[in-house]
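Biologist: Could you walk me through how to read the contacts, cores and salt bridges in a model like this one? I would like the general idea each time, and then the case at hand.

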Amino acid sequence: MAYSEKVVDHYNNPRNVGSLDKKAANVGTGLVGAPECGDVMKLQIQVNPETHVIEDAKFKTFGCGSAIASSSLATEWLKGKSVDEALQIKNTEIVKELNLPPVKIHCSVLAEDAIKAAVRDFQTKQTEGDVKLEEAVVGA
Amino acid sequence: MICSYCEATTDGGHFCSACKRLQPVAQGTDYFAFLSLPKKLRLDEAALEKTFYALSRQFHPDYFMNASDAERLASMERSSLLNDAYRTLREPLQRTKYLLALEGYKEAEKKSPPADLLEEVFELNMQVEELKAAKKMGDADELLEARSALEEALAHLNDKLKELDERLFKFFDQWDSAIDNATIATQKKPLLDQMSELMSHRAYIGNLVRDIKEELY
């Protein structure tokens, strides 16, 4: 099966590979995997706490070309979006952009799951932060 | 069942009990039914092998060279089904996978593995990548370090696989006794759910072990 040009491009020149500080309060990390093909995908977002706009996104994926391309594309799309907009990204848009064949649709699903997991992680950290802040205020 | 040649009522066996001709395979025949086995997970593998050889002889297309088209086709169909059934059922993990598929469990529908397993898979993939990099750079010290880290990880993963297999075999016993005690109707779903999850984790670790071995040896 031949990969589409766009997949090959993302595979050869993946955008935004790397990692962000997992412990930082404004970083959300999503780690997801597909046991049947052995893929594992880590996607991180750095969010401006005031505006909730995603300022940076990084990924590291171990898997097939389509999985790498899906997560690479996702990080490109995420930058500049608000977290609410990020949650609107659908795997079908990734499929369309990369011309993924039916057998590779699960790779795009994985990328969508990773985005959701990263946003959820960020949101959890935010509410926990608020609770801590409140505790600090009450304690004072 | 009605014989497709003489229209006698048969016992559903491979051959018609009246005219002795080889029957076509009924659509949707599963491997267990084909070999007249209960849908159990503990299986006498030696007995299965004997059945396989005995039926192979009975179905062999060489014996049907001068038979009707329908019987020749039946001989080929039964031979090929027999091969698939034997290869699948003789091995405990393949058997489990087959039972899950038969019960409608699809691999693609599995949910993401637990966080600790994902973390481990991710970390080990990083280590595999470090080993690849060390190989490329030709740095002997780095290479040695990366290798020993992965060898240690491999031993740990193999222990984990063993542990998962022991858990799986406990489910085998629970599944089989539920069939024996006719409590399968209520226990079916929870047992299959647990086995499906376990198999999925096992596959994940299995893939990782394969990748690590490929890099190490």
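Modeller: Gladly. This is a predicted model, and we can begin with one asparagine. N48(A) touches V53(A) and E55(A), leaving aside residues up to four places away in sequence. Its place is in the loop between β2 (39-47) and β3 (54-62) of chain A.

Biologist: Is N48(A) buried or exposed?

Modeller: N48(A) is buried, because its relative accessible area is 19% and the cut-off for buried is under 20%. Next, look at what its side chain reaches. A polar atom there lies 2.8 Å from the backbone nitrogen of E50(A), and the side chain also reaches the backbone nitrogen of T51(A), at 3.3 Å.

Biologist: Now the cores. Which residues have the most contacts inside the largest nonpolar core?

Modeller: They are V40(A), L35(B), L89(B), M195(B) and I212(B), in a core of 57 residues. In chain B, helices α1, α2, α3, α4, α5 (115-137), α6 and α7 each supply at least two of its residues. Domain 1 (1-90) and domain 2 (109-216) of chain B both contribute, so this core lies between them. Another core, of 31 residues, lies apart from it and includes M41(A), L78(A), L98(A) and A117(A).

Biologist: What does L35(B) touch?

Modeller: Not counting residues up to four places away in sequence, L35(B) touches L48(B), T51(B), L55(B), L82(B), A85(B) and L89(B).

Biologist: How do I judge the interface between the two domains of chain B?

Modeller: The size of an interface is often given as the accessible area lost when the parts come together. Here domain 1 and domain 2 of chain B bury about 630 Å² between them, 56% of it on carbon and sulfur atoms. On the domain 1 side, K40(B), L41(B) and R42(B) lose the most area to domain 2, together 87% of what that side buries.

Biologist: How many salt bridges are there between domain 1 and domain 2 of chain B?

Modeller: The count is two. R42(B) and D173(B) meet in a salt bridge at 2.8 Å, N to O. D180(B) forms a salt bridge with K40(B), their closest N and O atoms being 2.6 Å apart. D180(B) lies in helix α6 and K40(B) in the loop between α1 and α2 of chain B, so the pair ties together parts that are 140 residues apart in sequence. As for accessibility, D180(B) is exposed at 51%, while K40(B) is partly exposed at 21%.

Biologist: What about a pair that crosses between chains?

Modeller: Take K22(A) and E119(B), which form a salt bridge with closest N and O atoms 3.3 Å apart. The pair crosses between chains, from the loop between α1 (5-12) and β1 (27-34) of chain A to helix α5 of chain B. K22(A) is partly exposed at 45% relative accessibility, and E119(B) is partly exposed at 34%.

Biologist: And one within a helix?

Modeller: D193(B) and K189(B) meet in a salt bridge at 2.8 Å, N to O. Both lie in helix α7 of chain B, four residues apart, about one turn of the helix.

How values were computed: Residues numbered from 1 in each chain as written. Chains lettered and ligands numbered in written order. Predicted model: local features only at pLDDT ≥ 70, side-chain atom pairs only at ≥ 80, totals over all residues. Heavy atoms only, no water. Core = buried A, V, L, I, M, F, W, Y, C linked by side-chain atoms within 4.5 Å. Buried < 20%, exposed > 50% of the residue type's maximum accessible area, 1.4 Å probe, protein only. Domains from an automatic or database assignment. Contact = heavy atoms within 4.5 Å. Polar contact = N/O pair within 3.5 Å; in protein donor to acceptor, adjacent residues only side chain to side chain. Buried area = accessible area lost by both parts, 1.4 Å probe. Salt bridge = Lys/Arg side-chain N within 4 Å of Asp/Glu carboxyl O.
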